[in-house]
Amino acid sequence: MALADARAICPDLATRSADLAREAAALSSLRRWASRYAPMVATDGVDGLVADISGVPHLFGGEGELRDDLQARLERAGLHAASAIAGTRGVAHALARHGGGIVPDGRLAEGIGHLPVTALRVDHDTAEALARVGLSRIADLAHLPRAPLARRFGAGLVLRLDQALGAQAEPVAAEPDAPHFGVRMTLPEPIGKQEDVMAGLARLLDRLCAKLARHRMGARRVRLELRRVDRGTAQVEIGLARPMRDPARIATLFAKGVDEVDSGFGIDALRLTAPVTEALAPEQIGGGPAIRHDDALADLLSSVGNRIGFERVLRLLPATSLIPERSFLLAPAAYSTAEPIPHRAGSKRPITLFPPEPVTAASGTPPASFRWRRMRFTTLRATGPERITPEWWFDDPAWRSGLRDYWRIETQEGPRLWLFQTPQALGGPDWYVQGEFA
Amino acid sequence: MRPEPAPTDSFDLRARRVHEAEGRGRRAFALFQAARHPGPLVWIAPAHIPELPMLQGLPRGVGERLHLFRPSNETDLLWCVEEALRVAPISLVIAEPQQPLSLTAGRRLQLAAEAGRTTGLMLIREDGGSNATETRWNCTPLASQAPDSTPHRWSLIKNKKGTIGSWTLNWNGTSTAVHMVSAARERHEPAGAAR
């Protein structure tokens, strides 16, 4: 039904646009839940699940009881679902979409004979062509000779029919689960000492890192949850400067966090997860000094980042801008790599840069003398001006005063300063210091 | 780009020790030393000071190797210095402590530098150093009489294992080479009071 028609019937109809990504996520979590009924469960289209329950029904007391149990649980969860059990995947698919039910063994053709041919998963054109010659039900097709059917309607129809009736195999291909990087440990007696927790952590880390290695992944964040006997939880989370799966090196980063945990009456369960992981190919270990140096540097960045924050461990990266403040980037070192700095021609740049600080008592252009930071400076030599225009495509509050004329001022007192003047500023040009040369 | 091989002269900082530099030109002196130390560099400056190294103005080959740590308080800063000094592949750790270094802190840093076989350089305020330092330099930029010269005066005002001295030199801020204005010399006059 079109939305306009539906609105014509019911003007108050509440509608929402379909969110395919979330629907797929919900279906995949339902698939995980459905694995309680069978080892092989796969998604079937965008709205279905198919499970291979060979050898399972007797655990639930029979096929009927299994289906009732499934329906009851889904209903309790608020899900409206239809289900069918049959000897082949094709029949189960057809029946589940046309009322559901159970087809006993050996009665496949009778079980779906009354269903329309569209239930056979044939495309629209084939279904229409079948309807035109008067073959509307599956029972009409089942006893027809295969060769003329295949010649007239294509091999697809015959394949689907054979799959439904069991003449062609159609296994349930369950996709592998995405690996879950989490391990847990429950203790018979609560623990409270720091070294006990660290020993438990070491055992969990061994298992987690083995799993990471098996999937060729490395952790970027590792979280340790400690459950206390009074049902409170404490959490310690660390970040790593690069993907890593070395238990000993990760354990040392936890030492400070574990030290600060209040264990209360004791801790009786530990859970270790790696919420953020990245691909990490197997690598040469213990090789030349270059590898050891990289490891040591990454360890330093990790430990410093965990103490002062990863956003405070920085690296300077070049940027393509003539504006002094934007001519380089301060990037977190853990999430960037060093870039070669392009050689730059043109006038010299200062070694330190700071936000512009106004000078007072400036006289002349360039100023013959001025005061800055409560010191009096006399100009010995001035080089410039170098005019830098603002980038009009960025609205930078610092550059609202317009053009800047930069001068390199060598002072009698020694310091070589980077001054600029704002000729377009309202209220007359002002002088500012923005950097200091070597 | 590979840094040029480090020359050996009076400005070599003794390896595996922590040194101090004060005065207006201390950042220039630190960058000069950074250019002469091949390998990763760490610059530790408190988050609240406005001065940042400007990438385009640094000596050749320094910007790529530089890591900047910006801890929020003095304790974290000293912790970062000690931690960085203990890591062997780091060649030079430059830090800007804002408060005077205590003898304990200075001694701990020396031990860390020895353990990690790393050199450290503290950019201190005037009289904010610790007695545990190996050498202390007073660095001031000088007014240049000739154009295109950038003279500095770097005075070694404390040296545990050698003589002190004062040098006036031209360093243009791009390479590891310096031009001496007056040659290094032995001290003739009696030393002032030790600091």
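Biologist: Which residue forms a salt bridge with A:E391?
Modeller: This is a predicted model, where local features need pLDDT of at least 70, side-chain atom pairs count only at pLDDT 80 or more, and totals for chains, interfaces and linings use all residues; side-chain values use heavy atoms, with hydrogens and water left out. A salt bridge here is a side-chain nitrogen of Lys or Arg within 4 Å of a carboxyl oxygen of Asp or Glu. With the closest N and O atoms 2.8 Å apart, the partner of A:E391 is A:R326.

Biologist: And how many residues apart are A:E391 and A:R326?
Modeller: A:E391 sits in the loop between β13 and β14 of chain A, while A:R326 is in the loop between β9 and β10 of chain A. Helices (H or I, at least four residues) and strands (E, at least two) are DSSP runs, numbered from the N terminus. Residues are numbered from 1 along each chain as its sequence is written, with chains lettered from A and ligands numbered from 1 in the order in which they are written.

Biologist: Is A:E391 buried or exposed?
Modeller: The cut-offs are under 20% relative accessible area for buried, over 50% for exposed, and partly exposed in between (1.4 Å probe, protein chains only). A:R326 comes out at 25%, so it counts as partly exposed. A:E391 has a relative accessible area of 11%, so it is buried.

Biologist: What about A:D44: why does its salt bridge with A:R97 tie together separate parts of the chain?
Modeller: The side chains of A:D44 and A:R97 meet at 3.9 Å, N to O. A:D44 lies in strand β1 (residues 40-44) and A:R97 in the loop between α4 (89-96) and β4 (101-102) of chain A, so the parts they tie together are apart in sequence by 53 residues.

Biologist: How many residues of α4(A) are buried?
Modeller: Among the buried ones are A:R89, A:V91 and A:L95. The buried residues of α4(A) pack against β1, β2 (48-52), β3 (84-85), β4, α5 (108-112) and α9 (155-165) of chain A. The helix is mostly covered, and the tally is 8 of its 8 residues.

Biologist: On to the interface: how many residues of chain B are in contact with chain A?
Modeller: Contact means heavy atoms within 4.5 Å. Chain A brings 51 residues, and chain B brings 48 residues.

Biologist: What area is buried between chain A and chain B?
Modeller: Buried area is the accessible area (1.4 Å probe) that two parts lose on being put together, summed over both. Carbon and sulfur atoms give 65% of it, and the whole is about 4100 Å².

Biologist: Which residues in chain A lose the most area to chain B?
Modeller: Three residues stand out in chain A. Together giving 16% of what that side buries, they are A:R307, A:L316 and A:I351.

Biologist: Which residue of chain A meets B:R24 in a salt bridge?
Modeller: Across the interface of chain A and chain B the rule finds 3 salt bridges. In one of them, at 3.2 Å from N to O, the side chain of B:R24 meets A:E436.

Biologist: Which element gives the largest share of the side of chain A that touches chain B?
Modeller: Elements supplying at least two residues each to that side include α12 (289-308), β9 (313-318) and β10 (328-332) of chain A. With 9 residues, the largest share comes from α12(A).

Biologist: Which residues of chain B does A:E410 touch?
Modeller: A:E410 is in strand β14 of chain A, and at 3% relative accessibility it counts as buried. Not counting residues up to four places away in sequence, its contacts include A:T378 and A:R416, and from chain B they are B:S144 and B:S149.
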